[in-house]
Amino acid sequence: MTVRAADRLERAAPWLAGALVLAIGLAIVDQMPVGIVHDDGLYVILAKSLATGQGFRWLQVPGHPAATHFPPGYPLVLALLWLIGPAFPANIVLFKIANAVFLALAAVGTALFAERRFGFDRRAAALLAVLACVGIPTLALSTLVMSEVFFLAMLLPTLLLAERIVESKARVADVLLLACAAAATTLVRTHGIALVGAVIVVFALRARFRDAAVFGAGTLALLAPWQLWARAHQGVLPLAMRGNYESYSEWFAAGLRSDGPRLIARTVQRTSAELVNMFAIFSAPSLPAAVRLVALIALAVLAIIGLRVAAHRAPVSALFTIGYVAIVIVWPFNPARFIWAIWPLLFVLVAVGIREALMWRPVLSLHRLARLGTLAGALLIGIGYARYTVRGYRGRWWSSIARQQTMLLAPLVAWTRTHTAPGDVVASSAEPVVYLYGGRAAVSASAFTVHNYFRPPSVAESEAALRNILGAYHVSVVAVVAADSLLVAARQMASEASPELVLRDSLANGLVFTPVPQ
């Protein structure tokens, strides 16, 4: 190979990394249905609403109320794809192909980020990007029609732009361009607000108060219409459905009103424990607790070293990471998916920590011992993560949730198609699936509150939620497909002296009830 050819190959390394990730992403695209994790079905419903000219609305709910649960960025992308391929469910494959493309773009962004901000050579940066983006966490996200992969594809170039602007004397136009990029990222996932805060803080720390003001005002102006829309349509749905269909901030505020500051303390304790367990599984799978502890300590040390380097070389990225993880930790929901959404960024920070440990040449014997221990821990983490990834590929873990939920919900869809009329309204905890694949209007049969993160709803709570929904809509059928408190509540409502439900039929994994007119 000539020197010129080698140079061209090296310059193309980030894009070759993206091409490899794209090939893997396309190879795992499947035809599994959407709605199996609830939110994916809601995204598709919003895409259909936009693409068919009906606005940003919940088409499955009677009256088609305004949607305020998700910001509109990802549904708009899906709507454009819907216009290209309007046949449902065939277009689900198109949506998943788009996610594979977004993951490939995230790989390119990861390679450029590692090279430009941390000085990795292009080949090393490209290899790092591939390893970060073809792990089970990112592949699992790419197979779901969810916003995380698109968010990641937008986040990395926005971070690169932010770092360039904050370290140079930028024009107002450049600051406004950054405001547009940050706002667009936040309109894909609300967690992007951590990026907005990070840029403002870095500007302020560098006494660039005019730039901070311009950026803040520009971002606020772009985010305001969405916030005003959400505020204008707040409280439209029955109380029991607001957790799944209305503003996240109001859902969280309701929890704070109920529990006060204790909610934050309980959430931090639980999310922290779940994150520790998640990282232990990734870094030292199937190994004794003592080995996992060593791996976790090494991982924490490497991440801290990486963040310390980032504070100097990529301050916006460092502050964003801290702010983002802080939001995840105080948010009363399983944190794994949120962390996976920035997996390549975390991967790079740990890689930076490993590189710094390799380059460190301490004089004191105690420091030399610390260096060897850190490198041994890094080796343990690398072997553990490789083992986990190989097992995941063998078991196709990226689609395990979809496979399990599809089997669970298939009987409900088949029953809905054959036993209900087009004008019927079905109440079910799988209402997106009922609407998309059963062709019926559908509402939730249960509530979603912050307390559900700590415990499943009680029978009394499930009964109250179902009554609230039955009182708000003319429900034809209540279908319950899981052996939980909702099933017990429905049975109790059917066995009262003055029954509110009548048992109509049974499914392979649930029961179907008909409401009694009151």
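The structure is a predicted model, in which local features need pLDDT of at least 70, side-chain atom pairs count only at pLDDT 80 or more, and totals for chains, interfaces and linings use all residues. Residues are numbered from 1 along each chain as its sequence is written, and side-chain values use heavy atoms, with hydrogens and water left out.

The protein contains 23 helices and five strands. These elements are DSSP runs, numbered from the N terminus: helices are H or I with at least four residues, strands are E with at least two. The radius of gyration is 25 Å, close to the 24 Å that the globule rule gives for 518 residues, so the protein is as compact as a globular protein of that length. The radius is taken over C-alpha atoms, and the rule is 2.2 Å times the number of residues to the power 0.38. Along the principal axes, the C-alpha atoms fill a box of roughly 80 × 55 × 55 Å.

Of the 518 residues, 53% are buried. Buried means under 20% relative accessible area, exposed means over 50%, and partly exposed lies in between (1.4 Å probe, protein chains only). Contact means heavy atoms within 4.5 Å. Among contacts between residues at least 6 apart in sequence, 71% join residues at least 24 apart.

Helix α3 covers residues 39–51. At 1.5 Å a residue, its 13 residues should span 18 Å, and its end C-alpha atoms are 18 Å apart, which agrees. The expected span is 1.5 Å times one less than the number of residues. The helix is mostly covered, with 11 of its 13 residues buried. Among them are Asp39, Asp40, Tyr43 and Ser49. The cover over the buried residues of α3 includes α4 (73–84), α5 (91–118), α12 (242–245), α13 (248–259), α17 (336–340) and α21 (431–438). Gly53 follows α3 and has a positive phi, near 75 degrees.

Two further residues lie in other helices. Asp174 belongs to helix α9 (residues 172–186). Asp174 counts as buried because its relative accessibility is 17%. Asp174 and Asp259 are 85 residues apart along the chain, and their C-alpha atoms are separated by 44 Å.

Thr416 sits in helix α20 (residues 400–419). With a relative accessible area of 0%, Thr416 is buried. Leaving aside residues up to four places away in sequence, Thr416 touches Val426, Val434, Gly438 and Arg440.
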